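Good morning, and thank you for coming. I would ask you to look at the structure on the screen while I go through its strands, its helices and a few individual residues.

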Amino acid sequence: MRAGDPAPTSWPAPAKLNLFLHVTGRRADGYHELQTLFQLIDLCDTITITVRADGRIERPVGPANVPPDADLTLRAALALQQETGTGLGADLRLHKRIPQGAGLGGGSSDAATTLLALNELWECRLSLDQLALLALPLGADVPVFIQGSSAWAEGIGERLTPVSLPPAWYVIIYPGIGISTREVFQSPELTRNSRLITIRAFFESGGRNDCEPVVRARSPEVAAALDWLGREGSAALTGTGSCVFTARASAADAERLAARVPDRWMSFVARGLDSSPVHEQLRQCARRD
């Protein structure tokens, strides 16, 4: 960016849904092979960034229950700083709307937005592929947010094929609890031998979430939310949960259903996105340069 140009300081970090999730194997290093379809949605956290000249990276505002040294936004910023050798730093203020431990990818998206934004603000000029490679140790979901589009994913989630999905609105229920992804994937009862399918096969006949039976058995509240939403149409778990969702054809239909969600649960209405709002902000930066 040119000297004197106002740098944007607030950046969106969108959530995602897994429209299906098949676990197809387990590698020798313990990671699971999978197939999934990531749908980006317009439920977003916001990260406000102030660039510092002294090289310090701090998080003045963030989730109270996440220590700074465990925060993926800080870890992402430090990884980019170490990779590029920049002398710049940043203050990161994270404002959460995406529930934690909910299967919506909030932490991964926060990390991705931090990398994308600082790559611009620090003028690091790493490519998306370079950023995705740098991001992978932070979490298997981070690369999809780096690439910035809804995508078919394979491997451990890093092999991505961008997909354009039909317009949809989603009603999402958060049952008020977090689910440990690690515990679900370590569960002996988890299906680990689902057959590989093609993108075409999914669009013709759909898929399932192999984690759902494990989470149902271990969390009565998630099971209750799935059962309630299932009476209104097709309901699914996203990721390892705890959020469950159903698709609707219009915002009005989604809002009507969300208004009937029992008060003991939090609900969201979110629009499906093919492209991340972070990438739109980056394009606006490029047009100003």
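Val61 has its bridge partner in strand S4, and that partner is Arg93. The model is predicted, so to speak of local features we require pLDDT of at least 70, side-chain atom pairs count only at pLDDT 80 or more, and totals for chains, interfaces and linings use all residues. Residues are numbered from 1 along each chain as its sequence is written, and side-chain values use heavy atoms, with hydrogens and water left out. As for the element names, helices (H or I, at least four residues) and strands (E, at least two) are DSSP runs, numbered from the N terminus.

Let me stay with S4. Strand S3, residues 57-61, pairs with S4 in the parallel sense over three bridges; two strands pair if DSSP finds at least two bridges between them. What lies with S3 and S4 in a β-α-β unit? Helix H1, residues 72-84, does, and the unit is left-handed. For the sense of that word, a crossover is right-handed if, with the strands pointing away from the viewer, the path from the first strand over the helix to the second runs clockwise.

S4 has a further partner in strand S2, residues 32-52: the two run antiparallel and are joined by seven bridges. Is S4, at residues 89-95, mostly covered or mostly open? It is mostly covered, since five of its seven residues are buried, where buried means under 20% relative accessible area, exposed over 50%, and partly exposed in between, with a 1.4 Å probe and protein chains only.

S2 also pairs with strand S10, residues 266-273, in the antiparallel sense over two bridges. Here Leu40 stands opposite Leu273 in S10. S10 is in turn joined to strand S7, residues 169-174, by six bridges, again in an antiparallel arrangement.

A separate antiparallel pair is formed by strand S5, residues 151-154, and strand S6, residues 159-162, with four bridges. Ala151 stands opposite Pro162 in S6. S5 and S6 form a hairpin with four residues between them, and Gly155 in the turn has a positive phi of about 70 degrees.

I now turn to the helices. Between S4 and helix H2 there is a loop that holds Gln100. Gln100 is partly exposed, with a relative accessible area of 34%. Its C-alpha atom is separated by 22 Å from that of Ala151, 51 residues apart along the chain.

H2 itself, residues 106-121, has 16 residues and reaches 22 Å from its first C-alpha to its last, close to the 22 Å expected at 1.5 Å a residue. The expected span is 1.5 Å times one less than the number of residues. Of the 16 residues in H2, 15 are buried, and the helix is mostly covered.

How do H2 and helix H3, residues 128-135, cross? Two packed helices are described by the angle between their axes and the distance between the axes. The axes of H2 and H3 come within 11 Å and cross at roughly 135 degrees; axes are lines fitted to C-alpha atoms, for helices over the stretch in contact, and angles run from 0 to 180 degrees between N-to-C directions. H2 and H3 are therefore oblique to each other, given that angles under 35 degrees count as roughly parallel, over 145 as roughly antiparallel, 65 to 115 as roughly perpendicular and the rest as oblique.

In H3 we find Leu128, which counts as partly exposed at 33% relative accessibility. The C-alpha atoms of Leu128 and Ala79 are separated by 15 Å, and the two residues are 49 apart along the chain.

Finally, the backbone. Most residues other than glycine have a negative phi, and most peptide bonds are trans. Glu123, in the loop between H2 and H3, is not a glycine, yet has a positive phi of about 55 degrees. Glu123 is partly exposed, with a relative accessible area of 35%. Arg125 lies in the loop between H2 and H3 as well, with a positive phi near 65 degrees, and is exposed at 65% relative accessible area. The peptide bond from Gly241 to Ser242 is cis, with omega near 20 degrees; Ser242 is in the loop between strand S8, 236-237, and strand S9, 244-248.
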